[in-house]
Amino acid sequence: AMEAALGNNPTVKLYKERIEAAKAVMNTQLGAMLPNLSNTVRQSRQTYFLGTVGLSPFVTQPFSIFDARVNASQNLFSMSLMDRWRASREALHASEWEAEVTKFDTMAEVGMLYTEVLRAEAVVKAKEANVALFGELTAMVRSRRGGGMGTGLDTARAESQLENERQHLAMARAEVERFKLNLLNTLGVGYEAKLTLTDDLKKSVPVIPSAQDATTLALSSRAEVKAQRQRMKSADLALRSTTNERLPSLVAQGDYGLIGNRMHNTAETYNMALMLSVPIFDGGQREGRISESRSLAQQEVFKMAVIHNRVRMEVQEAVVTLASAQDQVEIAKRGLASALSEQELARERFTVLSSASNFELTNALFSLARARDNAIEALYRLNASRIHLARAMGELEKL
C-alpha cells in the first residue's frame with residue numbers, strides 16, 4: 001500500500017515536480033555564467049536630417065541599410081554569480097529532501113489508515129461474535145420463559161440488548177467502508193477499487209530501542225534534518241552572493257557582422273571589448289539586500305533548532321507510547337482470558353440453575369465485549385506506535 005501511494009498520491013507527485021522546478025532555477029543561474037550568443041538581421045530604408053539651409057530643412061535621399069550581426073558576451077569573473085549558482089544547487093538538494101519528507105509522511109499516513117482499516121475489520125468480527133452470543137442468550141431466555149422459568153421482562157431485556165449489539169455491528173461495518181475510502185484517497189486510486197488487506201495487526205514488537213539511540217539515529221537519518229541542512233547551505237551561499245556584489249566583475253563583449261546597402265554589397269565589421277564594472281554606491285540598496293540575506297540565513301539556523309527539538313520530542317513520545325502499548329496488549333490478553341472464563345461460568349450457572357437470573361450472564365457478556373474492544377484497541381495502539389516510531393526515526397522503509 002505504501003509503495004502504491006508513492007506512485008499515485010498527488011501530493012508526492014507535486015513535490016517531485018518541485019524538484020524539476022528547482023533544477024530549472026539552477027540551470028537558469030548556471031546560464032548566467034555561460035556565453036550569451038545572439039544573431040540579428042536587419043534591412044532598413046531611411047533618410048537623415050542634415051540640418052537647415054536658409055529656412056528649409058535639408059534631408060538626404062532615401063537609402064537602404066542591411067546589417068547582419070552576431071553578438072556574444074561572456075562573464076569572465078563574478079563571484080556573486082558563482083555563489084548564486086551554488087545556492088541554487090543547494091536549493092535543489094533541499095527540494096529533493098523535501099520530496100523525501102513528503103514521501104515518508106505519505107507512507108506514514110497510509111500505514112496509519114491501513115491500521116485503522118484493520119482495527120475496524122477486527123471490531124466488525126468482535127461485534128459479530130457479540131451478536132451471536134446475545135442471540136444465544138435471547139434464545140435461551142425465550143426457551144426458559146416457554147418452560148415457565150423466565151419472565152417477559154427477561155425476554156424483553158435480552159432482545160433489547162441483542163438489537164443494541166446489532167446496531168453497533170452496523171455502525172462498525174460502516175466504519176470499515178469509511179476508512180477504506182480514506183485509504184483509497186491517500187493511495188491516489190479510484191474509489192471504485194475494491195480493497196482487500198492482506199496484512200494483520202502485529203501482536204508484538206521487536207526490542208524497543210532506547211530513547212537516546214533512537215534520537216541519535218533520527219537526527220542523522222531524518223529527511224527533515226537533511227533538507228534543513230541544505231536550506232542553511234543555500235541561505236549562506238545566497239548571503240555570500242549578495243555580499244560579493246561589492247566586488248568588481250569582468251565581462252567580455254563582442255560582435256561581428258556584415259553591413260552595407262544591400263545583402264550582396266556589404267563589408268565586414270566587428271567590435272570587441274572588455275568591461276570592468278566596479279560597484280561604488282547604489283543608494284544603500286546593496287547593503288539592504290545583504291542585511292536581508294543575513295537575516296534569512298539566521299532564520300534557517302533557528303529553523304534547524306526547531307526541527308531538532310521536534311525530532312527529539314517525536315522520538316521520545318514514540319518510544320514511550322510503544323512501550324506503553326506493549327504493556328497494554330499484555331494486560332488486554334489477560335483481561336480477555338478472564339472475561340472468557342467469566343462468561344463460561346455464568347453460562348453454566350444460568351443453564352444449570354433454573355432459578356438463576358440472566359443478569360450474571362448478561363454482565364459476563366458485556367464484560368467479554370468490553371475485553372474484546374480493549375484487546376483490539378491495544379493491538380491498534382501497538383501497531384500505530386510502531387509506525388510512529390519508524391516515522392520518527394526515519395526508518396519507515398524498514399518497517
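Tutor: Happy to, and let's start with Arg84, which at 31% relative accessibility counts as partly exposed (buried is under 20% relative accessible area, exposed over 50%, partly exposed in between, with a 1.4 Å probe and protein chains only). Before going on, note that this is a predicted model, where local features need pLDDT of at least 70 and side-chain atom pairs count only at pLDDT 80 or more, while totals for chains, interfaces and linings use all residues. Residues are numbered from 1 along each chain as its sequence is written, and side-chain values use heavy atoms, leaving out hydrogens and water.

Arg84 meets Glu245 in a salt bridge, 3.5 Å from N to O (a side-chain nitrogen of Lys or Arg within 4 Å of a carboxyl oxygen of Asp or Glu). The two sit 161 residues apart: Arg84 is in helix α3 (residues 79-146) and Glu245 in the loop between α6 and β5 (249-262). Helices (H or I, at least four residues) and strands (E, at least two) are DSSP runs, numbered from the N terminus.

Helix α3 also holds Arg119, whose partner Glu377 lies 258 residues away in helix α8 (residues 359-393). Arg119 is buried at 18% relative accessible area, whereas Glu377 is partly exposed at 27%.

Helix α8 carries Arg391 too, which is linked to Glu224 of helix α6 across 167 residues. In total, the structure holds 29 salt bridges.

Now the packing. The largest nonpolar core has 68 residues, and Val311 and Leu361 are among those with the most contacts inside it (such a core is a set of buried Ala, Val, Leu, Ile, Met, Phe, Trp, Tyr and Cys residues joined through side-chain atoms within 4.5 Å). Helix α3 gives the largest share, 18 residues, and α6 and α8 are among the helices that each supply at least two. Val311 touches Arg222, Val225 and Ala392, among others, not counting residues up to four places away in sequence (contact means heavy atoms within 4.5 Å).
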